[in-house]
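Open the model in your viewer and keep the selection panel at hand. The tour starts with charged pairs and then moves to the sheet.

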Amino acid sequence: ENIFPIIKKFLYSDHEIFLRELVSNAVDATQKITMLGQKGEYKNDLGDTQITVAIDKDQKTLTISDAGIGMTEEEVEKYINQIAFSSAEEFVEKFKDLDDKKSIIGHFGLGFYSAFMVANEVEIITQSFKDAPAVKWKCEGTTNFEMETTEKDRRGTDIVLHINDDSSEFLEEHRIKELLTKYCKYMPVEIKFGEDVINNPNPLWLKQPTDITE
């Protein structure tokens, strides 16, 4: 019960970082499936590995979708429920008397839970690259959650944020584009928002000098 008030209260000044955290998770999941493909441990076609960010103003949702490794029901239980909550307890204990609580959320496995700074409900719909049923997880920012098997037409994970009234700015296209440009411009997987790919996964400094024009 201590976890969510602390996330919302002490990290509120940094609430825009939720998008960076969720997109970073999507990039990580995408790089993992790509690596498994390169090693021959994933033998199916990788397909389109582009990450998409989408707004639905009518439903008041912001969705981050990837075609990464996905999660099984056991992995959702482990990585979303157990590890994140135990990290949060460590966070609560270690930083309860600290004045400066900025920029530490990512160090405690709490990146995903930053979503609750701007959403009153979060859904995960995920399909593992393994032969396992897809899973839907839903939580309203309390210690209770729902989890069930579901249908999903492709590998990967959708994170659906039901944006709260105080955070309606994150349903505005210009605001999301601004944040994606600020935090995700050079992430190494293509990120699509609307009609545009907003990042450059192959920036100049990663290229060989012989491949660069004057």
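Begin with the charges: the whole structure holds 12 salt bridges (a side-chain nitrogen of Lys or Arg within 4 Å of a carboxyl oxygen of Asp or Glu). This is a predicted model, where local features need pLDDT of at least 70, side-chain atom pairs count only at pLDDT 80 or more, and totals for chains, interfaces and linings use all residues. Residues are numbered from 1 along each chain as its sequence is written, and side-chain values use heavy atoms, with hydrogens and water left out.

Select Lys57 and Glu172. Their side chains form a salt bridge, 3.3 Å from N to O. Lys57 sits in the loop between β1 and β2 and Glu172 in the loop between β6 and α4, so the pair ties together parts 115 residues apart in sequence. (Helices, H or I of at least four residues, and strands, E of at least two, are DSSP runs numbered from the N terminus.)

Next, Asp28 and Lys32. Their closest N and O atoms are 3.2 Å apart. Both lie in helix α2, 4 residues apart.

Then pick Glu16, Glu169, Arg175, Glu178 and Lys182: salt bridges link them in a network.

Now show the sheet. It is open, with 8 strands in the order β5-β4-β3-β6-β2-β1-β7-β8 and mixed pairing (two strands pair if DSSP finds at least two bridges between them). β5 (145-150) and β8 (196-197) are the edge strands.

Zoom in on β3 (residues 119-127) and β6 (residues 156-163). They run antiparallel, joined by 8 bridges. Gln127 has Gly156 as its bridge partner in β6.
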